[in-house]
Amino acid sequence: MKKSPTAAAAAAPYDAVILDLDGVVTNTALVHLAAWKEAYEAIINDPRYPKDGSRAPFTPDDYYALVDGKPREQGLIGLMASRGVDIPPGTPQDAGGDWTAVGLGAWKNKAYLRRLQEGGVQIFPGTGRFLENLKDAGVATALVTSSRNATPVLAAANLLDSFSVVIDGRVAASHGLAGKPAPDTFLEAARRLDVSVRRAVVVEDAVAGVLAASRGGFGLVVGVDRHGNRADLEAAGADVVINNLAELDLGLVMRDPWLLIYEGMDPEHEGHREALTTLGNGYMGIRGPSAKTAGPAVMPERIWPVCITGFGPRSAREPSRKSTWSTCPTACPWTSAWKAPRGGPGAAWRSSMNVASSIWKRRS
């Protein structure tokens, strides 16, 4: 069973954190997807494209399954293979547009850089706060990405000074490092940081990246569910799957071991989230509700009064009396589904529970 994505469930402090770029630090996945779609359409409409090759539309599923997190040429070869077309790898000397993975991959890169310049770079809010906390705590950080555009992306996001080590596609190629899902690039980052892999954390949103970190034997592999692929990340070897890096503690962000913090909506885990944020006095328990409305919570929207109508024996001499537990008739049924907050699944909210003081809060 996978660990619950709770801040308080995080392990003791680690020596270093290694992060992926696209989808973890910067919100550029949609830019990549659009660039891949543009390049793909140019390829299938090229007169050199085999007549018997499939021209099925390029979909988000293709992106996440075939190219996300992988070196550009490797992703292109896999994408074309899914259409029944063999593309030779090529050499670094190939020009853009040559009928090789290098040449055709240059089309994708050109489209990506153009779109990046037009739309700029966004940093995920939770990641920005997380990087600041790591810096304040003096924890070493590294960036590992298959992209060869790490430097311009980091510069555009004003993050060039946020990482002690950067291993991108250019570094990997120059040192002969295999790309994800091989663990080589992550292992090289740990070596340059001079930390043991067992004392390092890897944060990834791509299945290929999670596989690489898991195969590398890293101490904690964190999957970030940006695309509704929690099950795939867990199957690939993620120890913890979260929605936002603000949820991750690592003993650095929140030093209070009595504090539970949840951010965002996670239908698969809302049940035990609410159970863990239950307040009770032995006679009544009130579960912290999921966010179904915007604004700060004044009182729980989903309450579970539990009435005890009998007690066990006070001593060994007294006969046992039956304990009867019942829920209030007006309580929601246990089988009710957890729904996303009004405003859609992306509606932001934060729930926290201080177990020591029994104070539960929610804001959105």
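# A guided tour of the predicted model

Begin by selecting Arg-83: at 7% relative accessibility, this residue counts as buried, since the cut-off for that class is under 20% relative accessible area. The structure on the screen is a predicted model.

**First stop: Arg-83 and its partner.** Arg-83 and Asp-62 form a salt bridge in which the closest N and O atoms are 2.8 Å apart. Arg-83 belongs to the loop between α3 and α4, while Asp-62 sits in helix α2 (residues 60–67), so the pair ties together parts that are 21 residues apart in sequence.

Since Arg-115 is in helix α4 (residues 101–119) and Glu-38 in helix α1, the bridge ties together parts that are 77 residues apart in sequence. Are these two residues buried or partly exposed? Arg-115 is partly exposed, with a relative accessible area of 29%, and Glu-38 is likewise partly exposed, at 30%.

Now select Asp-20 and Lys-180, whose closest N and O atoms lie 3.2 Å apart in a salt bridge. This pair links distant parts of the chain, 160 residues apart: Asp-20 is found in the loop between β1 (16–19) and α1, and Lys-180 in the loop between α7 (169–174) and α8 (184–193). Both Asp-20 and Lys-180 are buried. In the model as a whole, the count of salt bridges comes to 13.

Select residues 29–44, which form helix α1, together with residues 72–82, which form helix α3; the two pack at an angle of about 55°, and their axes are 12 Å apart. The helices are therefore oblique to each other. The crossing of α1 past α3 is right-handed. To see where they meet, display Trp-36, Tyr-40 and Ile-43 on α1, and Arg-72, Gly-75, Leu-76, Leu-79 and Met-80 on α3. The residues of this contact comprise six nonpolar, one polar and one charged.

On the α3 side, the contact is made by Arg-72, Glu-73, Leu-76 and Ile-77; on the α4 side, by Ala-101, Val-102, Leu-104, Gly-105, Lys-108 and Asn-109. By class, the residues of this contact divide into five nonpolar, two polar and three charged.

**Last stop: Val-201.** Finally, move to strand β4 (residues 200–204) and select Val-201 within it. Val-201 is buried, with a relative accessible area of 0%. Which residues does Val-201 touch, leaving aside those up to four places away in sequence? They are Tyr-14, Ala-16, Val-17, Ile-18, Leu-220, Val-222 and Leu-250. Phe-218 may also be selected here: its C-alpha atom is separated by 6.4 Å from that of Val-201, and the two residues are 17 residues apart along the chain.

Notes. Residues are numbered from 1 along each chain as its sequence is written. This is a predicted model: local features need pLDDT of at least 70, side-chain atom pairs count only at pLDDT 80 or more; totals for chains, interfaces and linings use all residues. Side-chain values use heavy atoms; hydrogens and water are left out. Axes are lines fitted to C-alpha atoms, for helices over the stretch in contact, and angles run from 0 to 180 degrees between N-to-C directions. Helices (H or I, at least four residues) and strands (E, at least two) are DSSP runs, numbered from the N terminus. Angles under 35 degrees count as roughly parallel, over 145 as roughly antiparallel, 65 to 115 as roughly perpendicular and the rest as oblique. A crossing is left-handed if the near helix is turned anticlockwise from the far one by less than a right angle, and right-handed if clockwise. Contact means heavy atoms within 4.5 Å. Ala, Val, Leu, Ile, Met, Phe, Trp, Tyr, Cys and Pro count as nonpolar, Asp, Glu, Lys and Arg as charged, and the others, Gly among them, as polar. A salt bridge is a side-chain nitrogen of Lys or Arg within 4 Å of a carboxyl oxygen of Asp or Glu. Buried means under 20% relative accessible area, exposed over 50%, partly exposed in between (1.4 Å probe, protein chains only).
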